[in-house]
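Here is my note on the fold, as requested. Please keep the model open while you read.

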Amino acid sequence: MTAEHSLPSSSAHSAQAGPPVLHVCVTCRRGGPAMDCPPGEQLLERLQALLDAEHLAGVAPSATLRPVACLAACDRGCTAAIAMPERWTWLLGHLGPEKAEDILAYARLYAASAKGTVMPSRRPATLADMVLGRVPATLYNEQEEP
């Protein structure tokens with residue numbers, strides 16, 4: 001096994017104790033024209049403000065934010081992906097800054113789940129149509145094996 005292959009498992013181990021990572025597409029603009037602050041960037045800013053408020057209140061963070069340039073789901077509005085070690089990674093769409101509180105509520109449910117699955121009946125109602133796809137948690141482990 002090369003050092004490159006051992007990196008994912010060591011970083012997965014350190015991330016396991018923390019909150020889920022929410023990768024937010026900052027270039028998403030809900031299919032609209034180019035603009036200075038697209039809705040994806042607005043979503044990231046709103047999520048960061050909410051996480052900052054959690055921090056000030058002494059609450060454990062609901063998620064760790066990571067901006068990304070594109071999640072290749074441009075026709076699905078603002079998109080994000082949520083991930084944690086040993087759980088499904090979910091690609092989420094039809095998002096926007098107005099759904100930020102519900103996204104963090106979903107992140108807490110996701111973190112508390114055993115495999116990363118939050119049944120639709122447990123998700124906030126505004127996120128009913130958000131799931132675009134999922135990636136198996138074991139995908140990377142399978143790639144590492146000879």
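The points below cover the sheet, the helices on it and the core.

1. Basis. This is a predicted model, where local features need pLDDT of at least 70 and side-chain atom pairs count only at pLDDT 80 or more, while totals for chains, interfaces and linings use all residues. Residues are numbered from 1 along each chain as its sequence is written, and side-chain values use heavy atoms, with hydrogens and water left out.

2. Sheet. An open, mixed sheet holds 5 strands in the order β2-β1-β3-β4-β5. Strands are DSSP runs of E, at least two residues; helices are runs of H or I, at least four; both are numbered from the N terminus. Two strands pair if DSSP finds at least two bridges between them. β2 (64–68) and β5 (131–135) are the edges: each has a single partner strand, so one side of each lacks a neighbour in the sheet.

3. β4 and β5 are antiparallel, over 4 bridges. Leucine 92 has valine 131 of β5 as its bridge partner.

4. Helices. α2 packs on the sheet and touches β1, β2, β3 and β4. Contact means heavy atoms within 4.5 Å. α3 lies across β1, β3 and β4, at about 165 degrees to β4. Axes are lines fitted to C-alpha atoms, for helices over the stretch in contact; angles run from 0 to 180 degrees between N-to-C directions.

5. Core. The largest nonpolar core has 28 residues; Leu22, Val24, Leu43, Leu47, Ile82, Leu95 and Tyr106 touch the most other members. Its largest share, 6 residues, comes from α3. Such a core joins buried Ala, Val, Leu, Ile, Met, Phe, Trp, Tyr and Cys through side-chain atoms within 4.5 Å. Buried means under 20% relative accessible area (1.4 Å probe, protein chains only).

Notes
Buried means under 20% relative accessible area, exposed over 50%, partly exposed in between (1.4 Å probe, protein chains only).
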